[in-house]
There are 4 protein chains.
Amino acid sequence: MSQSTIIKLHNGSDVTQLLAYIPYARYVEFAGSRWIVSERFLPKEEIEQRSDSVEVVYSSTPYPLASKALGAQRTIVQVGAVSIGAGHPVMIAGPCSVESRDQLLSTATHLAQNGCHILRGGAYKPRTSPYSFQGLQHDGLKLLAEARALTGLPIVTEVMSPQDVELVATYADMLQIGARNMQNFPLLAEAGRSGKPILLKRSPWATLTIWLQAAEYILSEGNFQVVLCERGICTSEASAGRHLDLTAIQLIPELSHLPIIADPSHGTGQRSLVTPMAIASLITGADGIMVEVHPEPDKALSDGKQTLSFQEYDALIEKAQKVADTSFSTCVSFAV
Amino acid sequence: MSQSTIIKLHNGSDVTQLLAYIPYARYVEFAGSRWIVSERFLPKEEIEQRSDSVEVVYSSTPYPLASKALGAQRTIVQVGAVSIGAGHPVMIAGPCSVESRDQLLSTATHLAQNGCHILRGGAYKPRTSPYSFQGLQHDGLKLLAEARALTGLPIVTEVMSPQDVELVATYADMLQIGARNMQNFPLLAEAGRSGKPILLKRSPWATLTIWLQAAEYILSEGNFQVVLCERGICTSEASAGRHLDLTAIQLIPELSHLPIIADPSHGTGQRSLVTPMAIASLITGADGIMVEVHPEPDKALSDGKQTLSFQEYDALIEKAQKVADTSFSTCVSFAV
Amino acid sequence: MSQSTIIKLHNGSDVTQLLAYIPYARYVEFAGSRWIVSERFLPKEEIEQRSDSVEVVYSSTPYPLASKALGAQRTIVQVGAVSIGAGHPVMIAGPCSVESRDQLLSTATHLAQNGCHILRGGAYKPRTSPYSFQGLQHDGLKLLAEARALTGLPIVTEVMSPQDVELVATYADMLQIGARNMQNFPLLAEAGRSGKPILLKRSPWATLTIWLQAAEYILSEGNFQVVLCERGICTSEASAGRHLDLTAIQLIPELSHLPIIADPSHGTGQRSLVTPMAIASLITGADGIMVEVHPEPDKALSDGKQTLSFQEYDALIEKAQKVADTSFSTCVSFAV
Amino acid sequence: MSQSTIIKLHNGSDVTQLLAYIPYARYVEFAGSRWIVSERFLPKEEIEQRSDSVEVVYSSTPYPLASKALGAQRTIVQVGAVSIGAGHPVMIAGPCSVESRDQLLSTATHLAQNGCHILRGGAYKPRTSPYSFQGLQHDGLKLLAEARALTGLPIVTEVMSPQDVELVATYADMLQIGARNMQNFPLLAEAGRSGKPILLKRSPWATLTIWLQAAEYILSEGNFQVVLCERGICTSEASAGRHLDLTAIQLIPELSHLPIIADPSHGTGQRSLVTPMAIASLITGADGIMVEVHPEPDKALSDGKQTLSFQEYDALIEKAQKVADTSFSTCVSFAV
């Protein structure tokens, strides 16, 4: 059983000495305070011999900051004016890739008028093949900013490389770390340091523990604005992580204070399955859902098979609204 | 691509000659007619040279009778007065094991008064360990019959061995084939020949194709009264098939005319997850759900950790009813 | 952590009283003694109050008889004159299915003259589809007996149903329980009671613990002549359990006294992979290998794609012999 | 069925026009020639209308350059004076992490005198937890260079971020892309452009196709010096990709011209399993093996449980040598 230690420091206390004493500990600033975190169990007496720390807290997990060690209160992540984790499921929608001005603005306009809270769209695209469309990159970011100006929707978009974080962060309201980069640790750290809210997708083979340890890389940079996003795991039936893990949506709130949303587009890979799994995600307590929407899904440059049309998106919103009205889950009160 | 052949025979036509011509074909009687089924592609002309068959139908699947080759109409399975697959989700509930007269009758009474349609209870128990409670066996069957007499609920119970089929069939309204026996072919055949409705659970490692081929063993005995039951698959996260595959619930109706229900008790293994996954199963179109209920779950002789109390069961029914009232899925109109 | 108890009884001691005291304990006779086994921890003092038992042994596993609790000595399984687990890897070979007298006798003759120790051949065939060749059944058993008379090779063949155990046991020297029936508990018990050596294949989704618990069903009938057979597990790459788990071959001897062999035919499903994986199995310590051989593999009625020709089999034997001569593994000294 | 196209261009032909005509095609220079590659099927006549290309080749795979479309000859990757894929298995060994001058130089000295061809050692370490030792980074690179100077062994070390490629490439003879970064596409491209030989590890959930598509990112930068490294996949038994896929070692040469080696340290995670699986990898045709070695494995700062001592390493070399001498595999002729 792992046991890790979180130490809250007095204002004047000497960090350097304590860090020298504890190998591989991390110094973290958050919530206006200074902290030292270690994955080792450090007896309180020994710490107090070396520092006049304010508080020592232990966690039985290897992800102390992401765990509930610091308190049971769930984190609310603020993306522009939108709150994720505040009790009202949030709808994130938009095209897989930003393809053109027309495609993005028409989609954004439709979504803004129909219950969407945050606009998604990929400018930098991680594609399995080097011979697939790789995204409009910087031009895509500019179009996303234009769509925000037009609709008022905050923007979430993926960043694939540490050196792109600064540029992407100047355009986006929230940075997405994709499933393939869930353990790209330099990227996690750089994204964490940007101070932006982060959407951290789960790798198809990651256990909940490994996923939360990836989140810990961001939190240990002092950035607690992290939303977890389940997007499908490997099974004996489904290839390529095409099996949405609804269990994760229920178990994460027992393990962590971070909000969790579901991406049924990637988690199914098949258009006809997206809406039922989106509703099922809300039923099981997701703090939001993220879906891919395109004016003409079958002409999309990426992920067309799992992308909803405007009409299908509208039907999803209508069903989500009914779930919310029924309010048979304390969690579900979907605000259109 | 496999292509199999179904031949409907004229009343007088000679079966023997045709069977001799087609290796490993099966002769099947159902729907008042005589049929020959083969997993090979048999050109219509060749068949007609040898038999005055009425109709020749081809299926692109290796499970022609379970596929939609004979028509798109979904099968309704009749268990006593209860119809499974008729558009109203069915609730199957009861203890994992029949343990005692009191335990079973008190449970059955509570369930009968609270929205349950079919009573489940194990008399013959497949247990991972030879040192676990193995079920009351014949005495358990008698108690189930008593519970039926008391409450009017039809009974589904597991049969583990071909030589037990006859005895179990004299008591039960529906025979359950457990996940471990999904490919116990002598058992499938014997259960099929009993003429009883069959509940066929999915093995945690079976693809949908292999599962439907197992169902085909029952159908090819002339017994089309088969309900499929998803109960969890293997994933990179979950051990022992503890991951309910909601995708299967949505895909089976595209592949087969057979009804499909979900067992969130086995499919999660954890009491707190059962109700959300039950509701999610209904949302995604399940023809019913099967859950384990016990007067004192923590004292149950088997599966206590995933078993609901009466109170938890009642709450599940209430939520299911709300889903039904909302009717955002054409499928869901839960009849209490 | 589970902790189970094994009690060796004095000759005159009263079994009934002790069994009444310990729920679900099993009474077992083996090694000329009487034993009681329970999956519970039973304090020695409490047992001795109720019985003058000779010895009380504890196991930290849920498979006490299959574990090393009773001693570190590995079990040698005797199949006719052949010893499995005695330090010399054993070669089991033969056709997937017994198809005809010619096919079987020509194969058996070739194998007997070329390093094979035990002849395999299926008379009762578990087939995924009801429309595939289902085996020659009783006629197949007779042909196997004829092959034994001709060649002197002992016979291993599969039994699929408890009511067939008696018949199959009159012909076979060793009974095979297939992967699909690994948790067919009535079959395990009946096969155990036959007193015949048992070859127990692993289900593709079984953990080592669940597999050894299945073996425990046989051992708890007093039959310790069990050989485990690894034949492929599920992975994110391979379908249908086509991934031979060489780790199991190395870990089982740390967990159990039972011999373990490998079946690279089923564990790969592809002829070109069979020989390399057979040799790799020997390298990692397998007590034997089982391969499918056919005079004309491409005409085989089952499993042709993974079946070796006589020539390929001979090449395998030659390579196995070289591995043995090299003797870089203490285990490998392949006796042709 | 995907079908991709490779076009070899005449010296003077106009690339721009052709690229404009084929969406998402890549221009590649290698083997002293100019090429255009597309994942689409482009009819030869259409291409010739637009360009006087020299040659048009088609591949049925989505990884045309990594496939055998350009010829069946296997690629030999040159790391300093060491050839990988030339018929003699190559031994890559060294500590998981570079920890200190003493640790590295003593290990390197021992390995250089005992059959090792390439020294491994991590300077930049991808660790699951942010609170684990993260590597000596630039200082580690300097120590690796010192070890090379001392022993003559070429160096392979991991690079985790595109902006580190230039620095790492000034020290290393071969760049390693870790399993977690297998689909870190900016890193693959940057590493490819460095011109250095690349060791590309497989992600535990990647199919062979997805892995080869990742390699294609490097090849399409004109860098064909890529060695694939199998290091364990996810199974129903093993967590964290701890199941070495020997099937991959046999199948990759059927699909690709690239060499493939095995890493039994990560592929088992357990010291006692490393040597048997290393030998099994050679038996099944690996072009080399990579193992972790440390003067005091139990004191290692990372991966101690799967790390060999000097003595264990020597025993592995001795066994590998015997395999080579036996030469029962055409591939195995291990050159110490």
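User: Which residues of H6(D) are buried?
Analyst: The buried ones in H6(D) are Phe185(D), Leu187(D), Leu188(D), Ala189(D), Ala191(D) and Gly192(D). Buried means under 20% relative accessible area, exposed is over 50%, and partly exposed is in between (1.4 Å probe, protein chains only). Helices (H or I, at least four residues) and strands (E, at least two) are DSSP runs, numbered from the N terminus.
User: And what covers those buried residues of H6(D)?
Analyst: The cover includes helix H5 (165-171), strand S10 (174-177), strand S11 (198-201) and H7 of chain D, with contact meaning heavy atoms within 4.5 Å. After H6(D) comes Gly195(D), which has a positive phi near 80 degrees.
User: Before we go on, what are the ground rules here?
Analyst: This is a predicted model, where local features need pLDDT of at least 70 and side-chain atom pairs count only at pLDDT 80 or more, while totals for chains, interfaces and linings use all residues. Residues are numbered from 1 along each chain as its sequence is written, chains are lettered from A and ligands numbered from 1 in the order in which they are written, and side-chain values use heavy atoms, with hydrogens and water left out.
User: OK, the contact of chain D with chain A. How many residues does each chain put in?
Analyst: Chain D gives 38 residues and chain A gives 38 residues. The area buried between them is about 3400 Å², with carbon and sulfur atoms giving 61%; that is the accessible area (1.4 Å probe) the two parts lose on being put together, summed over both. On the chain D side, Tyr24(D), Tyr131(D) and Trp205(D) lose the most area to chain A, together 26% of what that side buries.
User: How many salt bridges and polar contacts between chain D and chain A?
Analyst: Zero salt bridges by the rule, which asks for a side-chain nitrogen of Lys or Arg within 4 Å of a carboxyl oxygen of Asp or Glu. For polar contacts, the count is 14 residue pairs (both at pLDDT 80 or more). That term covers a pair of N or O atoms within 3.5 Å; within protein, one must be able to donate a hydrogen and the other to accept it, and residues adjacent in sequence count only if both atoms are side-chain atoms.
User: Which elements of chain D give two or more residues to that side?
Analyst: Strand S3 (33-38), helix H6 (185-193) and helix H7 (208-219) of chain D. The largest share, four residues, comes from H7(D).
User: Switching to chain B. How far does H7(B) reach?
Analyst: H7(B), residues 208-219, has twelve residues and reaches 16 Å from first C-alpha to last, close to the 16 Å expected at 1.5 Å a residue. The expected span is 1.5 Å times one less than the number of residues. Eleven of the twelve residues are buried, so H7(B) is largely enclosed by the rest of the structure.
User: What do the buried residues of H7(B) pack against?
Analyst: In chain B, the partners are strand S2 (26-30), helix H6 (185-193), strand S11 (198-201), strand S12 (226-230), helix H8 (246-255) and strand S13 (260-262).
User: Back to salt bridges. How many over all chains?
Analyst: The search finds 48. One of them joins the side chains of Lys201(A) and Asp263(A) at 2.5 Å, N to O. Lys201(A) sits in strand S11 and Asp263(A) in the loop between strand S13 (260-262) and helix H9 (271-283) of chain A, so the pair ties together parts 62 residues apart in sequence.
User: Buried or exposed, those two?
Analyst: Lys201(A) is buried at 3% relative accessible area, and Asp263(A) is buried at 1%.
User: What about Asp245(D)?
Analyst: Asp245(D) forms a salt bridge with Arg202(D), closest N and O atoms 2.8 Å apart. The two are 43 residues apart, with Asp245(D) in the loop between strand S12 (226-230) and helix H8 (246-255), and Arg202(D) in the loop between S11 and H7 of chain D. Asp245(D) is buried at 2% and Arg202(D) is buried at 0%.
User: Last one: where is Glu292(B), and what does its side chain contact?
Analyst: Glu292(B) is in strand S14 (residues 288-292) of chain B and is buried at 1% relative accessible area. Its side chain makes a polar contact with the side chain of His266(B), at 3.4 Å. Glu292(B) also touches other residues, including Gly94(B), Cys96(B) and Arg120(B).

Definitions and conventions
Lists of a residue's contacts leave out its neighbours within four places in sequence.
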